[in-house]
Amino acid sequence: MIGFGHLGPCTDRERFTSNVNFEVYGFYISPSVTRKGVGRRLMAELERRAMEQGCATVRLGVCSTLTATPFYVACGFVICKDSHCHSLGGVDL
(Lines give C-alpha, C1' and ligand atoms only; values in the text may rest on other atoms or scores of the structure.)
Protein backbone atom coordinates (compact mmCIF):
# COMPACT_ATOMS: atom_id res chain seq x y z
CA MET A 1 0.00 0.00 0.00
CA ILE A 2 1.33 3.43 -0.88
CA GLY A 3 -1.34 5.49 0.84
CA PHE A 4 -4.87 5.84 2.12
CA GLY A 5 -7.33 8.57 2.93
CA HIS A 6 -10.60 8.61 4.86
CA LEU A 7 -13.16 11.35 5.21
CA GLY A 8 -16.61 11.75 6.64
CA PRO A 9 -19.07 14.36 7.79
CA CYS A 10 -17.53 16.74 10.30
CA THR A 11 -18.90 15.82 13.73
CA ASP A 12 -16.95 18.34 15.82
CA ARG A 13 -17.59 21.68 14.11
CA GLU A 14 -16.55 23.65 17.18
CA ARG A 15 -12.95 22.57 16.63
CA PHE A 16 -12.77 24.58 13.40
CA THR A 17 -13.18 28.33 13.06
CA SER A 18 -14.76 28.05 9.60
CA ASN A 19 -17.83 26.17 8.39
CA VAL A 20 -16.40 22.70 7.71
CA ASN A 21 -18.81 20.10 6.38
CA PHE A 22 -16.38 17.18 5.86
CA GLU A 23 -13.27 16.21 7.78
CA VAL A 24 -10.29 14.17 6.66
CA TYR A 25 -9.95 11.65 9.49
CA GLY A 26 -7.06 9.66 8.14
CA PHE A 27 -4.47 10.42 5.49
CA TYR A 28 -1.22 8.59 4.94
CA ILE A 29 1.29 8.45 2.11
CA SER A 30 4.24 6.06 2.20
CA PRO A 31 7.59 7.82 2.44
CA SER A 32 8.65 5.84 -0.64
CA VAL A 33 6.30 7.89 -2.85
CA THR A 34 6.44 11.34 -1.27
CA ARG A 35 6.88 14.29 -3.63
CA LYS A 36 5.54 12.24 -6.56
CA GLY A 37 1.99 13.63 -6.65
CA VAL A 38 0.36 10.68 -4.92
CA GLY A 39 -0.84 12.77 -1.97
CA ARG A 40 -2.34 15.47 -4.19
CA ARG A 41 -4.16 12.87 -6.29
CA LEU A 42 -5.50 11.17 -3.20
CA MET A 43 -6.66 14.49 -1.72
CA ALA A 44 -8.39 15.36 -5.02
CA GLU A 45 -10.19 12.01 -4.86
CA LEU A 46 -11.36 12.71 -1.31
CA GLU A 47 -12.71 16.09 -2.44
CA ARG A 48 -14.49 14.42 -5.38
CA ARG A 49 -16.08 11.85 -3.08
CA ALA A 50 -17.28 14.56 -0.71
CA MET A 51 -18.93 16.34 -3.65
CA GLU A 52 -20.60 13.07 -4.67
CA GLN A 53 -22.33 13.07 -1.28
CA GLY A 54 -24.37 16.08 -2.31
CA CYS A 55 -22.30 19.05 -1.21
CA ALA A 56 -22.48 21.99 -3.58
CA THR A 57 -19.52 23.49 -1.74
CA VAL A 58 -17.10 21.14 -0.07
CA ARG A 59 -15.33 22.58 2.95
CA LEU A 60 -12.82 20.03 4.19
CA GLY A 61 -11.17 20.25 7.58
CA VAL A 62 -8.22 18.28 8.86
CA CYS A 63 -6.36 18.07 12.13
CA SER A 64 -2.73 18.05 11.05
CA THR A 65 0.58 17.26 12.65
CA LEU A 66 3.11 20.05 12.35
CA THR A 67 5.19 18.11 9.83
CA ALA A 68 2.21 17.49 7.52
CA THR A 69 0.97 21.09 7.62
CA PRO A 70 3.00 22.28 4.58
CA PHE A 71 1.41 19.53 2.45
CA TYR A 72 -2.12 20.52 3.44
CA VAL A 73 -1.38 24.21 2.88
CA ALA A 74 -0.04 23.34 -0.60
CA CYS A 75 -3.36 21.55 -1.24
CA GLY A 76 -5.27 24.76 -0.44
CA PHE A 77 -6.05 24.31 3.24
CA VAL A 78 -5.81 27.38 5.46
CA ILE A 79 -4.54 27.25 9.03
CA CYS A 80 -7.41 28.29 11.25
CA LYS A 81 -5.97 27.72 14.73
CA ASP A 82 -3.27 25.96 16.69
CA SER A 83 -4.51 22.92 18.52
CA HIS A 84 -3.51 19.64 20.09
CA CYS A 85 -4.88 16.72 18.14
CA HIS A 86 -4.72 13.10 19.18
CA SER A 87 -2.15 14.04 21.84
CA LEU A 88 0.21 15.40 19.18
CA GLY A 89 1.05 19.04 18.66
CA GLY A 90 -0.65 20.21 15.50
CA VAL A 91 -2.94 22.63 13.80
CA ASP A 92 -6.53 22.57 12.58
CA LEU A 93 -6.76 23.35 8.89
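Predicted model: local features only at pLDDT ≥ 70, side-chain atom pairs only at ≥ 80, totals over all residues.

Residues are numbered from 1 along each chain as its sequence is written, and side-chain values use heavy atoms, with hydrogens and water left out.

**Exercise 1. State the order in which the elements of the protein chain run from the N terminus on.**

Solution. Begin with the inventory, which comes to two helices and five strands; helices (H or I, at least four residues) and strands (E, at least two) are DSSP runs, numbered from the N terminus. Read from the N terminus on, the elements run β-β-α-β-α-β-β.

**Exercise 2. Check the span of helix H1 against its number of residues, and determine which residues of H1 are buried.**

Solution. The expected span is 1.5 Å times one less than the number of residues. For the 15 residues of H1 (residues 38-52) this gives 21 Å, and the end C-alpha atoms are 21 Å apart, which agrees. Next, apply the accessibility classes: buried means under 20% relative accessible area, exposed over 50%, and partly exposed in between (1.4 Å probe, protein chains only). The buried residues of H1 are Val 38, Gly 39, Leu 42, Met 43, Leu 46 and Ala 50. They cover an arc of only 130° around the axis, which puts them on the same side of H1; the arc is that of the directions from the helix axis to the C-beta atoms. On the other side of H1, Arg 41, Met 51 and Glu 52 are exposed. Finally, the cover of the buried residues includes strands S1 (3-9), S2 (22-29) and S3 (60-65) and helix H2 (69-74), where contact means heavy atoms within 4.5 Å.

**Exercise 3. Describe how S2 pairs with S1 and with S3.**

Solution. Two strands pair if DSSP finds at least two bridges between them. S1 and S2 pair in the antiparallel sense over seven bridges, with Gly 5 opposite Phe 27 in S2. S2 and S3 run parallel and are joined by three bridges, and here Glu 23 stands opposite Gly 61 in S3. Six of the eight residues of S2 are buried, so this strand is largely enclosed by the rest of the structure.

**Exercise 4. Is Leu 60 buried or exposed?**

Solution. Leu 60 lies in strand S3. With a relative accessible area of 15%, Leu 60 is buried. The C-alpha atoms of Leu 60 and Val 20, which are 40 residues apart along the chain, are separated by 5.7 Å.
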